[in-house]
Amino acid sequence: MKRENLGIFKKKIVYLIPGQGADLRLFNNLTIDSAYKIRHVQYFTPEKGLTLQEYAKQLSTQIDTEQEFVLIGVSLGGMLATEMAEFLSPKKVIIISSAKNRKELPLQFRFQRTIPLYKILTPALAKKGALIMQPIIEPDRNKEKETFVQMLTDKDPIFLRRTIEMIIKWERELSLSKITHIHGNKDRTIPIKNVKYDYLINQGSHMMTLTRGQEISRLINKILKN
C-alpha cells in the first residue's frame with residue numbers, strides 16, 4: 001500500500017471537554033465507538049477578566065483542525081464547545097447537561113449579571129461552597145461520590161472563581177443549529193424548564209455523564225453514526 005494512502009484510515013477524533021468542577025475522570029464510564037480516537041481538552045486557570053468566548057479560543061489550540069473532529073462538552077464544557085463551534089468546523093457538537101446560550105442558564109446566574117453577588121466570594125469560599133452544595137443540589141453524585149469529591153478537591157479555587165464569572169457574564173443569546181443537546185429532567189444545576197433539548201434522559205441529573213455512563217454512551221454513539 002502506498003504511504004500517501006494511509007491517511008484515509010486515520011481515526012476521527014472526539015474531543016471531550018469536562019465541566020467546571022471536573023476533569024477527564026468525568027468521562028470514565030463512557031465507551032465511545034472505536035472508530036473514534038479520544039482526546040481530552042485540558043483546562044488551565046484563565047487570566048482575570050477573560051470572557052468565555054476568549055477562553056474557548058485559547059483552549060481551541062489543543063484541537064487538531066486538520067483532521068475531522070467532534071466536540072463533546074459537559075456543563076461549562078458544553079458552553080465552551082458551543083463557542084468553539086462558532087469559529088471551528090467540527091463535524092458534530094454534542095453538549096450534555098449544559099446550555100447553548102445564556103437564556104438557558106438558571107435564574108441565579110442571570111440575576112447576578114445585575115446584582116453580582118458572586119463578587120463577595122473569595123476563591124477559597126467558592127471552592128468550599130461547591131464542595132458543600134454539590135451533594136445537596138445534585139444528590140445523584142453520591143453514586144460516584146469519591147470521584148466527584150476528588151475532582152472538585154483537585155481544582156484550583158481561582159479557576160472556579162473566574163469561570164463562575166465567565167458563565168454569569170456569558171453574552172451568547174442565540175443557539176447554533178449544529179449543536180445536539182442531551183439533558184436530564186432531574187438536572188437541578190441547569191433546570192430543564194429553560195432548555196431546548198434534542199434528547200431527554202429521564203431522571204437524568206447534572207452528573208449523569210458519570211453516573212449513567214452506559215446510557216449516555218449509547219446515545220452519543222447513536223448521534224455519531226447519524
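Reply: Let us begin with contact, which means heavy atoms within 4.5 Å. The model is a predicted one, in which local features need pLDDT of at least 70 and side-chain atom pairs count only at pLDDT 80 or more, while totals for chains, interfaces and linings use all residues. Residues are numbered from 1 along each chain as its sequence is written, and side-chain values use heavy atoms, with hydrogens and water left out.

Me: Which residues is Thr82 in contact with, leaving aside its neighbours within four places in sequence?

Reply: The partners of Thr82, once neighbours within four places in sequence are set aside, are Ile95, Ala99, Lys100, Arg172, Leu176 and Ile179. Thr82 itself sits in helix α2, where helices (H or I, at least four residues) and strands (E, at least two) are DSSP runs, numbered from the N terminus.

Me: Is Thr82 buried or exposed?

Reply: Buried means under 20% relative accessible area, exposed over 50%, and partly exposed in between, with a 1.4 Å probe and protein chains only. Thr82 has a relative accessible area of 0%, so it counts as buried.

Me: Where is His181, and which residues does it touch?

Reply: His181 belongs to strand β5, and because its relative accessible area is 0%, it is classed as buried. Not counting residues up to four places away in sequence, His181 touches Ile95, Ser98, Ala99, Lys100, Glu104, Val195, Lys196, Tyr197, Asp198 and Tyr199. The C-alpha atoms of His181 and Ile72, which are 109 residues apart along the chain, are separated by 10.0 Å.

Me: How should I read a polar contact, and which side chains does His206 join in this way?

Reply: A polar contact is a pair of N or O atoms within 3.5 Å; within protein, one must be able to donate a hydrogen and the other to accept it, and residues adjacent in sequence count only if both atoms are side-chain atoms. The side chain of His206 has such a contact of 2.9 Å with that of Ser75 and another of 2.8 Å with that of Asp187. His206 lies in the loop between β6 (199-201) and α7 (208-211), and its relative accessible area of 10% is why it counts as buried. Beyond four places in sequence, the residues that His206 touches are Ser75, Ser97, Glu138, Asp187, Thr189 and Ile190.

Trp170 is buried, because its relative accessibility is 2%.

Me: Which members of the largest nonpolar core touch the most other members?

Reply: In soluble globular proteins, nonpolar side chains tend to be buried together. A nonpolar core is a set of buried Ala, Val, Leu, Ile, Met, Phe, Trp, Tyr and Cys residues joined through side-chain atoms within 4.5 Å. Of the 34 residues in the largest core, those touching the most other members are Tyr43, Leu52, Tyr55, Leu71, Leu80 and Met84. Two or more residues each come from β1 (12-17), α1, β3 (69-74), α2 (76-87), β4 (92-96) and α6, and α2 gives the most, with six residues. A second, separate core of 25 residues includes Val14, Tyr36, Met207 and Met208.

Me: What classes of residue line the second largest pocket?

Reply: By class, its lining has six nonpolar, three polar and 10 charged residues, where Ala, Val, Leu, Ile, Met, Phe, Trp, Tyr, Cys and Pro count as nonpolar, Asp, Glu, Lys and Arg as charged, and the others, Gly among them, as polar.
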